[in-house]
Amino acid sequence: MSYTALYRKYRPKSFEDVKGQEHIVTTIKNQIKADRIGHAYLFCGTRGTGKTTIAKIFAKAVNCEYPVDGSPCGTCPICQSIAAGSSLNVVEIDAASNNGVDNIREIREEVTYAPTEGRYKVYIIDEVHMLSIGAFNALLKTLEEPPSYVIFILATTEAHKIPITILSRCQRYDFHRISADIISERLKELIEQEQMQAEEKALRYIAKSADGAMRDALSLLDQCMAFYMGETLTYDQVLSVLGAVDTERFSMLFRAIVNKDILDAMRQIEELVTEGRELGQFVIDFTWYLRNLLLLQSSADMTEVLDVSSESLELLKEECKMANDIELMRDIRIFSELSNQVKYAAQKRVLIEIAVIKMCRPQMEEDYASLSIRIEQLEKQIEEGAVANTVPQVQPAIAVNKTDADPQHKPQLPKAIPQDLRQIVQNWQTIAASMPGIIRTYIRKARLSMGNEEQLLIVMDDPIGAEMLAQEEYLQEIKEIISGYIGKEVSIEIRVNETKETSNDTYVDLAEVIHMNIEFEE
């Protein structure tokens, strides 16, 4: 016999097996017991919350020969035929592929015939919002004056797309997202029935990743169990299979952002990419992590709201004191905007790196939160007597004398260029391509020039990129790569081209000089 997926194998067969939708189950059972059954029901809710499952149980319960407290017995011939999908009294229709007027007309013709067995004919129309306008109009007449033996159950994830004329003729039931606690307990039950073992922390993470959908949780559990068949399912294994990121990694990245350590933050992202983590999910999870920090900072009583382990809670309590609420709200805003962009981006890593740099460098933005953070940083530096350190070390592309400073006067070409600099310029594309991560992104757009005493100038139009590359750790890394390529130590300086026009550029582009076959000094 072929393998049956967990979400199909353990689909609830009675109302008592349904988890997390007690408000709906109780209402429907009371209607069945009191024989106050409506003719049309609308089940609304996100995927995997039990809409179709409850519809099928409802269909069995209203036709069951021996119902028990409003639930189907599951043993009578009618219950078994409905469960097997062979009953003519229960018709399931997928509105996504049967959304035309003709499909609904067939239903209108069929409802004129009474059920051959049982009391009711039940029509379950899934994804009903996919019906065309004409199909809705055709269905409207049947819903308005249905035969006494017909029940319509309409299921949808997008109730706002259903015409108000249909909504007004249905009893509407909104299915809630199932809590992580309920999903986690259900997973424990299934693990025991499957005679397998799993860490509670692993099941808890699967339950949280399911985002309120029991079916998604069972599918994720099925995937993890298949990968580690015969082993105890651990938390780290679940992270590996799902491409997720551990809370400890979030902590390390957050501390790097708080310390304004861009190099460390880029290394964290580099490791995520190397490990094959899913970057879209990482953005969502890190936003949630920042949200937990903000809630914990707002009030100590928030510990009951946070869905984290005790050891993670202690770490959060320590880190929420490292940043103020303005910084956290700004970081959450940046990553929330990023989550929308990352979904359809081809270069997800680049977008994440830019967002992290923004978080480390408030001066890149001019909104209220960024200005407040910058003022706070300046006040702190004044108190520590380190005001001079706030001035960027990047030198603008302004010449030393007045003649060079005038954009109308182009600088004189150098009479000779050292052989070492010529070698660097001629192989610049290769050298730039060998640079790591974020350095490569910015330095590819730079131009090369020569300063005093054979100094190599890297001229950039982007002041933000220039400021970042001028930091000691990045500058040293650039020097080491270039020196390693030519086998000699090179003096390098990052400059900003303020004119942003090559025609009035203050600095000579060495690539153009070499192309003009100027004489080179050996």
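Colleague: Which residue forms a salt bridge with R330?

Modeller: Please note that this is a predicted model. R330 pairs with D331, and their closest N and O atoms are 3.9 Å apart.

Colleague: Are R330 and D331 buried or exposed?

Modeller: Both R330 and D331 are buried. They belong to the buried residues of helix α16, which also include E327, L328, I332, I334, F335, L338 and V342.

Colleague: Which residue caps the N-terminal end of α16?

Modeller: That is N324, with a side-chain oxygen 3.2 Å from the backbone nitrogen of I326.

Colleague: Back to salt bridges. How many are there in the whole structure?

Modeller: A search finds 30 of them. One of the pairs is E158 with K161, where the closest N and O atoms are 2.8 Å apart. E158 is partly exposed at 24% relative accessible area, and K161 is also partly exposed, at 46%.

Colleague: What about R105, which residue does it pair with?

Modeller: R105 forms a salt bridge with D102, at 3.7 Å between the closest N and O atoms. Both residues are in helix α5 (residues 101–110), three residues apart, or about one turn of the helix. R105 is partly exposed, with a relative accessible area of 46%, whereas D102 counts as exposed at 52%.

Colleague: Which residues are linked with K29 in a network of salt bridges?

Modeller: K29 is in a network with E16, K33 and D69.

Colleague: Changing topic: how many disulfides does the count give?

Modeller: The count comes to zero disulfides. For C73, the nearest cysteine sulfur belongs to C64 and is 3.3 Å away, and C73 is in no disulfide. C73 is partly exposed, with a relative accessible area of 23%.

Colleague: How many residues are in the largest nonpolar core?

Modeller: The largest nonpolar core has 68 residues, and those with the most contacts inside it are F282, F286, I424, I458 and I482. Helix α14, spanning residues 279–298, gives the most to this core, with nine residues. As general background, nonpolar side chains in soluble globular proteins tend to be buried together.

Colleague: Which residues is I424 in contact with, leaving aside its neighbours within four places in sequence?

Modeller: With those neighbours set aside, I424 is in contact with I431, L448, L456, I482, I486 and V490.

Colleague: One last residue. Where is S87 found?

Modeller: S87 is in the loop between α4 (77–84) and β2 (90–94). S87 is buried, with a relative accessible area of 8%.

Colleague: What does S87 contact, leaving aside neighbours within four places in sequence?

Modeller: Apart from those neighbours, S87 is in contact with S81, I82 and E117.

Note on methods: Residues are numbered from 1 along each chain as its sequence is written. This is a predicted model: local features need pLDDT of at least 70, side-chain atom pairs count only at pLDDT 80 or more; totals for chains, interfaces and linings use all residues. Side-chain values use heavy atoms; hydrogens and water are left out. A nonpolar core is a set of buried Ala, Val, Leu, Ile, Met, Phe, Trp, Tyr and Cys residues joined through side-chain atoms within 4.5 Å. Buried means under 20% relative accessible area, exposed over 50%, partly exposed in between (1.4 Å probe, protein chains only). Helices (H or I, at least four residues) and strands (E, at least two) are DSSP runs, numbered from the N terminus. Contact means heavy atoms within 4.5 Å. A polar contact is a pair of N or O atoms within 3.5 Å; within protein, one must be able to donate a hydrogen and the other to accept it, and residues adjacent in sequence count only if both atoms are side-chain atoms. A disulfide is a pair of cysteine sulfur atoms within 2.5 Å. A salt bridge is a side-chain nitrogen of Lys or Arg within 4 Å of a carboxyl oxygen of Asp or Glu.
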